[in-house]
Amino acid sequence: MAWMLPALKRLAAGGASDSERRARYLACRRTTRGFNNAIVKSLSRDDLQRGARDLGMFHRGTIVWGNEAEVAVFSEHCIYDIRRQGQTAVERFAAASEAPPGGQERFMLDAMVSARYALLVVRRRVGSVGLAVADLFREEEAMLCDVSFAATVPRGAILATRILYPKSEDFCITSGAALPVSPDDLMDIAEIMVGLGARSPADVARLGREDRDWLTTRTLHTLVRGGMTEFVAYTETGSPSSDESAPDLFVSPREEFGPQGLGAAFSGNGRSLHRPPRIERPQRVCRNDPCPCGSGRKFKKCCGP
């Protein structure tokens, strides 16, 4: 999005006040949240089960979530990535909407339809409600507006998220279910890209629709499996969590892979680099599984309650 660069420079220079930017951001967020709620209600049982299987959340005929962040990731995956007769739930909803052209609702619907999944590196903070970010897949820089992220995400961190570019604004926003990326997960994602024929991060932008959908699904599965949802807290807008452990798993591609950044992960088919030790995370235990305490009883009749 080359058109974003002048906007980024203008915002960084103080072209819009924080209060103005915050108000516009909150208006966009309210609109998309309302659409998300309506679209989720349109999902079929098959859509939900397919989404749960994709992310490893379908156990013994039941959809199982470990925390609130997993619910958000699952819901977003179902409406943006699960296709029925070639269309996602977002695309079907936008096509049937009577939102008038040129209005805020139509701008946001168009942004949702054209949304794409990305790995964003945080370059610097812009005021109190924005972040200058670099899209690793597109090698572009943009202005990401998010009140909580601006207050909590450190410079150099990588976020895996779906991004929306409203035509009415000079910034982008996330779809709402962003996840931090750990060093080991970043290596896994690089290997997935190599498996799709990408020789560099920039090659991802040239993948076909099916390959892009597959990359998004496998990235989400990798991050959920790696326990990254355990490090996401949902709070009221503008009231970031005080938990200081979450930023520990953010990773800078320059720090991890050297001056070449993520591109270095593609040397040797993405397997030549030393993998950092995998971070141990809590294992999801289903109600009827043996209790982890070693008592021999089922989890639901031991430590589960």
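In the predicted model, R29 and D146 are both buried, where buried denotes under 20% relative accessible area, exposed over 50% and partly exposed the range in between (1.4 Å probe, protein chains only). These two residues form a salt bridge whose closest N and O atoms are 3.5 Å apart, the term being applied to a side-chain nitrogen of Lys or Arg within 4 Å of a carboxyl oxygen of Asp or Glu. Because R29 belongs to helix α2 (residues 18-41) and D146 to the loop between β7 (140-145) and α7 (147-152), the pair ties together parts that are 117 residues apart in sequence. Helices (H or I, at least four residues) and strands (E, at least two) are DSSP runs, numbered from the N terminus.

A salt bridge also joins the side chains of R83 and D213, at 2.9 Å from N to O. This pair links distant parts of the chain, with R83 in strand β3 (residues 83-84) and D213 in helix α9 (residues 209-225), 130 residues apart; both R83 and D213 are buried.

The side chains of R225 and D188 likewise meet in a salt bridge of 2.9 Å, N to O, which connects helix α9, containing R225, to helix α8 (residues 183-195), containing D188, across 37 residues. Here R225 is partly exposed, with a relative accessible area of 47%, whereas D188 is buried, at 11%.

R24, E169 and D170 are linked in a network of salt bridges, and the count for the model comes to 13 salt bridges.

Residues are numbered from 1 along each chain as its sequence is written, and side-chain values use heavy atoms, with hydrogens and water left out. As the model is predicted, local features need pLDDT of at least 70 and side-chain atom pairs count only at pLDDT 80 or more, while totals for chains, interfaces and linings use all residues.
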